[in-house]
Every structure is written in structure tokens, then in C-alpha cells.
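Biologist: I am new to this structure and would like to go through it step by step. Please show it, and then I will ask about its parts.

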Amino acid sequence: MGNERSIQMFRGEVFRDDREKLNGHRSAVFWFTGLSGSGKSTIAHAVEKELFDCSLYAYVFDGDNVRHGLCGDLSFSSAARMENIRRIAEVSRLFVENGTICMCAFIAPVAKYRQIARDIIGGKDYYEIFVTCPLELCEKRDVKGFYKMAREGKIKNYTGISAPYEVPENPDLVVDTEQESLAESVAKVKKFILGKVEL
Ligand SMILES: Nc1ncnc2c1ncn2[C@@H]1O[C@H](COP(=O)(O)OP(=O)(O)O)[C@@H](O)[C@H]1O
Ligand SMILES: [Mg+2]
């Protein structure tokens with residue numbers, strides 16, 4: 001490296017617990033993992049709205065959105081997917097310091113990527129929500145039309161079709177969007193989050 005001496009941390013005077021007290025709730029990261037079309041974005045944004053309406057500070061990091069900016073330079077190779085997750089984990093860690101309830105809606109298809117996020121964020125602030133839905137139904141929903149393109153070979157490395165999805169072994173919460181209505185999934189996630197962010 002050679003430039004370690006120039007990189008130092010400045011310690012401010014306002015700390016995470018001060019912000020949490022001001023907000024009236026803890027901060028943490030709730031990581032939604034699941035196939036494309038399983039319902040991560042839909043649920044996370046609906047919960048965000050409900051938490052906001054209850055005066056809680058919540059923010060959704062959405063895989064689709066960050067790829068336009070922060071991670072706009074990254075491809076979908078496995079190294080780039082890992083870098084995508086690393087950046088989001090680092091940014092959400094900053095948001096946790098800021099007292100924010102973060103909901104990260106990213107496929108994060110490989111256990112190793114999720115472990116990277118957990119390590120960066122810290123185990124006590126990281127909760128994994130597995131949004132499960134059979135591939136056939138995700139493909140039927142085909143919200144973005146990408147499954148069709150992946151089947152036709154027009155998109156490479158598409159999770160579930162030409163790239164693996166490793167089912168989480170120990171998620172903190174599972175929502176099954178084949179069995180549950182959207183309202184049920186949202187209520188379940190909201191209740192889970194409220195239980196974890198209580199001061
Ligand atoms: N219980 C449910 N929870 C979430 N989404 C559901 C549910 N049931 C049906 N859906 C539908 O499934 C689709 C999920 O799409 P999206 O949220 O974009 O998925 P992802 O972000 O995981 O790729 C939406 O069209 C949504 O309306
Ligand atoms: Mg999404």
C-alpha cells in the first residue's frame with residue numbers, strides 16, 4: 001500500500017446510540033435475498049412506506065437502483081457481483097452508524113457474498129430475510145422480461161437459469177411469496193423488523 005499513514009479515522013462527537021435515541025429506534029440491516037422476481041423489491045418498498053408512516057427512519061437499497069449509479073461500472077460476473085455486495089454492505093454500514101433501518105434488496109445468490117455482507121456489517125446488525133418463491137413462478141411473473149431473455153441466451157449469468165442461487169441455510173426470517181399474499185409478507189417482515197429495532 002505505502003500510504004497507510006495518510007489514512008486516518010476522525011472521531012466525531014455524535015455517535016450511533018445518540019442518533020438511535022433521537023430516532024427512537026435501533027438501526028440494523030435487513031438483507032432480502034432471493035431469486036429475481038421473488039418479491040424482494042416489492043416487499044422492501046412496501047415495508048419502507050409503512051415504517052416511514054410510523055415515523056421510523058428506514059431506507060431501501062435496491063439492486064436495480066444502485067446499478068445505475070454507485071455500482072454502474074460493474075458487470076454480472078461473479079467478481080463484479082461480489083464487489084456490488086461489498087459496496088452495498090459498506091454503504092449500509094455507514095447508514096447504520098447514521099441510525100437508519102436499512103433494507104437491502106439484492107439477489108446475493110451465493111452464500112459467500114452474503115457472508116461478506118455479514119462480516120462488513122457485523123453479525124449483530126445483520127438479519128437475513130429469505131424471500132422464497134419457486135423458480136417457475138418467478139419465471140412466470142418475469143417482472144422485467146429477463147428470464148425470457150436468459151432462456152434465449154440473450155443474457156448470460158442469469159441467476160436461476162445460467163448462474164447458481166444458493167439457498168440460505170440459516171435465514172432469520174423466511175417469506176414465501178407463492179403461499180403468502182403481498183399483504184401477509186409485508187406484515188410479517190414489518191413485525192420482524194419492529195421486534196429487532198426496539199430500543
Ligand atoms: N407475496 C408477495 N410478495 C411480494 N411480491 C409478490 C407477492 N405475490 C406476488 N408478488 C408479485 O411478484 C413480483 C415480485 O417482483 P419484484 O419485487 O420486482 O421481485 P425482486 O425484487 O425479488 O426481483 C411483483 O410483481 C409482485 O407484485
Ligand atoms: Mg428487485
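Biologist: Which helix gives the most residues to the shell around ligand 1?

Modeller: This is a predicted model, and the answer should be read as such. Two helices, H2 (40–53) and H8 (182–197), each supply at least two residues of that shell. The one that gives the most, with 4 residues, is H2.

Biologist: Which residues come nearest to ligand 1?

Modeller: There are 16 residues around ligand 1. Helix H2 covers residues 40–53 and supplies at least two of the shell. The residues that come nearest are Gly37, Gly39, Lys40, Ser41 and Thr42.

Biologist: How many residues of the shell around ligand 1 are nonpolar, polar and charged?

Modeller: Gly is counted among the polar residues here. With that grouping, the shell around ligand 1 divides into 4 nonpolar, 9 polar and 3 charged.

Biologist: What is the distance from an oxygen atom of ligand 1 to a polar backbone atom of Gly37?

Modeller: The limit for a polar contact is 3.5 Å between N or O atoms. A polar backbone atom of Ser38 lies 3.3 Å from an oxygen atom of ligand 1, and a backbone N or O atom of Ser181 lies 3.3 Å from a nitrogen atom of the ligand. For Gly37, the distance from a polar backbone atom to an oxygen atom of ligand 1 is 2.7 Å.

Biologist: What share of the accessible area of ligand 1 does the protein cover?

Modeller: The space taken by ligand 1 is the largest pocket. On its own, ligand 1 has 570 Å² of accessible area. The share of this area that the protein covers is 79%.

Biologist: Is Ser36 buried or exposed?

Modeller: Ser36 lies in the loop between strand E1 (28–33) and H2. Its side chain makes a polar contact of 3.0 Å with the side chain of Tyr158. The relative accessible area of Ser36 is 8%, and the cut-off for this class is under 20%, so Ser36 is buried.

Biologist: What is the phi of Ser55, and is this residue buried or exposed?

Modeller: Ser55 is in the loop between H2 and strand E2 (58–62). Its phi is near 65 degrees, a positive value in a residue other than glycine. Its relative accessible area is 56%, and the class in question begins over 50%, so Ser55 is exposed.

Biologist: Which residue is 80 residues from Asn157 in sequence and 7.1 Å away in space, C-alpha to C-alpha?

Modeller: Asn157 is in the loop between helix H7 (146–151) and strand E5 (173–176). Although it is not a glycine, Asn157 has a positive phi of about 55 degrees. With a relative accessible area of 37%, Asn157 is partly exposed. The residue 7.1 Å from it, C-alpha to C-alpha, is Ser77.

Biologist: What separates the C-alpha atoms of Ile116 and Met82?

Modeller: Ile116 is in helix H5. Its relative accessible area is 23%, which makes Ile116 partly exposed. Ile116 and Met82 are 34 residues apart along the chain, and their C-alpha atoms are separated by 8.2 Å.

Biologist: What separates the C-alpha atoms of Gln115 and Val189?

Modeller: Gln115 lies in helix H5, residues 111–121. At 38% relative accessibility, Gln115 is counted as partly exposed. Gln115 and Val189 are 74 residues apart along the chain, and the separation of their C-alpha atoms is 21 Å.

Definitions and conventions:
Residues are numbered from 1 along each chain as its sequence is written. Chains are lettered from A and ligands numbered from 1 in the order in which they are written. This is a predicted model: local features need pLDDT of at least 70, side-chain atom pairs count only at pLDDT 80 or more; totals for chains, interfaces and linings use all residues. Side-chain values use heavy atoms; hydrogens and water are left out. A residue is near a molecule or strand if one of its heavy atoms lies within 4 Å of it. A polar contact is a pair of N or O atoms within 3.5 Å; within protein, one must be able to donate a hydrogen and the other to accept it, and residues adjacent in sequence count only if both atoms are side-chain atoms. Accessible areas come from the Shrake-Rupley method with a 1.4 Å probe; for residues, only the protein chains shown count as cover. On a 1 Å grid over the protein atoms alone, a cavity is a set of points where a 1.4 Å probe fits but cannot get out, and a pocket is an open set with protein on both sides within 12 Å along at least five of seven lines; lining residues have an atom within 4 Å of a point. A molecule sits in a cavity or pocket if more than half of its atoms lie within 2 Å of its grid points. Buried means under 20% relative accessible area, exposed over 50%, partly exposed in between (1.4 Å probe, protein chains only).
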